[in-house]
Amino acid sequence: MFAPLAEYKDYEFYQTHPTICFDTMQERGEYEIVAVFQSRVAYVDEVTFRYYNFIQADTQKEFDSFISAVEQLAYYDTGKEVEYGDCLLTLSTCDREITDGRLVVLARKCD
C-alpha cells in the first residue's frame, strides 16, 4: 500500500516532494519530511533500534535519543529539525533490499 514511499530514497524526489498530506476524519494535515531511512524488524532477543516502538516521548531525553538514531540511519540530510513536543508522522513500508527490511519516512506536522 505504501510502496510509492520507496521513491523517497532518491534525494531529488524528496526535493520535489518535501511534504505529505495526511488527512483524518477530524482534520487535514500537512507534514514536512524530516528523514528517510532503512531499518528492519528485529528479532525478539536482538538489541537494536526499533523505530516502530516509538509512540510518544515522555521525556526530552527519550525524544532526543529517538531523533539521534533516526539521523544516524537517514539516507540524506533534509535540513529539517524537530523539537520535543512536535507532532510526528511515521510511514513505513516493506523494503526488500534487506531481510525483513522497512523503508521509513518520518515527517513533522506543519503549523
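Student: Where is the place of aspartate 95 in the chain?

Tutor: In this predicted model, aspartate 95 sits in the loop that runs between strand 3 (88-94) and strand 4 (101-109).

Student: Why is aspartate 95 called buried?

Tutor: Its relative accessibility is 6%, and buried means under 20%. The value falls under that cut-off, so aspartate 95 counts as buried.

Student: Which residues does aspartate 95 touch, leaving out those up to four places away in sequence?

Tutor: They are Lys9, Gln38, Tyr75, Gly101, Arg102 and Leu103. There is also a C-alpha distance to look at: aspartate 95 and leucine 5 are 90 residues apart along the chain, and their C-alpha atoms are separated by 9.9 Å.

Student: Why are cysteine 87 and cysteine 110 called partly exposed?

Tutor: Partly exposed covers values between the 20% limit for buried and the 50% limit for exposed. Cysteine 87 has a relative accessible area of 41%, and cysteine 110 has 28%. Both values lie in that range, so both cysteines are partly exposed.

Student: Let's step back to the fold. Which pattern does the protein chain follow along the sequence?

Tutor: It reads α-β-β-α-β-β, made up of two helices and four strands.

Student: How do you know that the radius of gyration of the protein chain agrees with a compact globule?

Tutor: A compact globule of 111 residues would have a radius of gyration near 13 Å; the protein chain has 14 Å, so the two agree. Along the principal axes, its C-alpha atoms fill a box of roughly 40 × 35 × 30 Å.

Student: What share of the 111 residues is buried?

Tutor: Buried residues make up 33% of them. As for contacts with a separation of 6 or more, 59% come from residues 24 or more positions apart.

Student: How many positive and negative side chains does the protein chain have?

Tutor: There are 10 positive and 21 negative ones, and the centres of the two sets lie 5 Å apart.

Conventions
Residues numbered from 1 in each chain as written. Predicted model: local features only at pLDDT ≥ 70, side-chain atom pairs only at ≥ 80, totals over all residues. Heavy atoms only, no water. Buried < 20%, exposed > 50% of the residue type's maximum accessible area, 1.4 Å probe, protein only. Rg over C-alpha atoms; globule rule 2.2 N^0.38 Å. Contact = heavy atoms within 4.5 Å. Lys, Arg positive; Asp, Glu negative; His and termini not counted. Charge placed at Lys NZ, Arg CZ, Asp CG, Glu CD.
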